[in-house]
Amino acid sequence: MMLIEMPTIGTEVDFLERAKSIASIIESEAEATERETDVTDVAADAMKEQGLFWMFVPRHYGGGQVDIVTALKVIEEVSRADGSTGWVLMATSIGTRNSSFFLPKEGADELFGGPTKAITAGYAAPLGTAVEVDGGLIGSAERLQFGSGSKFTTHMACVMRVFNEDGTQKMVDDKTPDIRAYIAPKDQITMLGNWDVMGLVGTGSYDYALPERFLPDKYTLRSNFWTDPALPVAGSELNRGTIGFAGHIGVVLGLMKRALEEVANIVPGKKRQGYDTTVDKNQVFLTDFARADAKYHAVRSYAFEVLAEAEVSAHTNGEVSAELTSRVKQVTTWVHEVGTEVINFAALWGASQTIRNPSALGRVLRDMSVARNHLAADPIGLIQSAGPILSSWQRAQ
């Protein structure tokens, strides 16, 4: 089983400063990352050397055990340098967190207890099937999807529905199907390719398969984790804050930040036909830029406020309230909507410098277009979150 040597991490490590220290490396690798449809070895090695993949891992395993807001700032900084690389860090650091916190202790100790540590990719729809047997499952998956970061990870999550011997779906209760995620060593996985996309090209989010085999319980996340990953899991002793899809917030914030940086540096001295001044002096541009800047800072502040409250609630009360859970879902969707507006503004004013390859602004535009289509940003998120939020505004009867 291949694991990766992790640098020593103290209790007061500033992971954001670590991310900033390698941002120029990631940025210089961005074109190659897109060309190769995978984060380059140079960029991946830089993140490994700074311990970024293990920033969520509990301190008793030598990880950073960071809070969610700190992690989002790290993901934002890496995504500012390159969206695909930031996406991969988001997906793998959260996947690695889930393995380190929620695997049975025997399995977690094997993957994280020594000087070498696992990096986990995967976690998508439950497309595999399994039957429960003594000590684990017999399971397989012909095609799993979205193995972001699979090039350099050590393990892949294989999510599957558990069936009874008679072929009926095994249930946890009357409403909840039994769904589990097996954390498979990479040498058990067959990579299937199939990642030819318009944006987030360099994430290497390939399809993959797991041939039928015995899946030991010690490497299997139980269904109580998978059915509601946004809530703390009973028995988790550390860092029980809300994550779910919230990691996507960091990616979109980084894309917005890069778009504003790019357009701010494109417009000085630029002239357009019919304009009395250069673009950076034009009143329409300046007004729109001020609005875009305000949108970025406002949605960023709201996102961090909600997630910080949710994490405090999880630690203090052992649960996240219905309102806070709804606000996490709300702001995750809202960040993507605002991000689309801000990046479209920047792309419009970037003019031909947006559309000519290579173009950092053009890449941001394409990355945002794909990020916006993720389940994390589905418009239904606002519908699902509205009830408890509406109730919080209503006077007690």
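Reply: Happy to. A polar contact is a pair of N or O atoms within 3.5 Å, and within protein one must be able to donate a hydrogen and the other to accept it. Keep in mind that this is a predicted model.

Me: Got it. Which residue caps the N-terminal end of α4?

Reply: That is Asp67, which has a side-chain oxygen 3.1 Å from the backbone nitrogen of Val69.

Me: And is α4 itself mostly buried or exposed?

Reply: Buried. The count is 12 of its 14 residues, so α4 is largely enclosed by the rest of the structure. Among the buried ones are Val69, Leu72 and Ile75, along with Glu76, Glu77 and Arg80.

Me: How do α4 and α5 sit relative to each other, parallel or antiparallel?

Reply: Roughly antiparallel. The axes of α4 (residues 68-81) and α5 (residues 83-102) cross at roughly 155° and come within 6 Å. The cut-off for that label is an angle over 145 degrees.

Me: Which residues meet there?

Reply: From α4 you have Val74, Ile75, Val78 and Ser79, and they meet Gly83, Thr85, Gly86, Trp87, Leu89 and Met90 of α5. That set divides into 6 nonpolar and 4 polar residues, with no charged ones.

Me: Switching topic: where is Gln188?

Reply: Gln188 is in the loop between β7 (179-185) and β8 (190-193). Its relative accessibility is 17%, so Gln188 counts as buried, the limit being under 20%.

Me: What does the side chain of Gln188 make a polar contact with?

Reply: The side chain of Tyr182, at 2.9 Å. Leaving aside neighbours within four places in sequence, Gln188 also has Ala209, Leu210, Pro211 and Arg213 in contact.

Me: Now Asp14, is that one buried or partly exposed?

Reply: Partly exposed, at 44% relative accessibility. Asp14 is in the loop between β1 (4-5) and α1 (15-28), and a polar atom of its side chain lies 3.1 Å from the backbone nitrogen of Glu17.

Me: Last one: how far is Thr116 from Ile4 in space?

Reply: 4.8 Å, C-alpha to C-alpha, although they are 112 residues apart in sequence. Thr116 lies in strand β2 (residues 116-117) and is partly exposed, with a relative accessible area of 26%.

How values were computed
Residues numbered from 1 in each chain as written. Predicted model: local features only at pLDDT ≥ 70, side-chain atom pairs only at ≥ 80, totals over all residues. Heavy atoms only, no water. Axes fitted to C-alpha atoms, helices over the stretch in contact; angles between N-to-C directions. Helix = DSSP H or I, 4+ residues; strand = E, 2+ residues; numbered from the N terminus. Parallel < 35°, antiparallel > 145°, perpendicular 65-115°, else oblique. Contact = heavy atoms within 4.5 Å. Nonpolar A, V, L, I, M, F, W, Y, C, P; charged D, E, K, R; others polar. Buried < 20%, exposed > 50% of the residue type's maximum accessible area, 1.4 Å probe, protein only.
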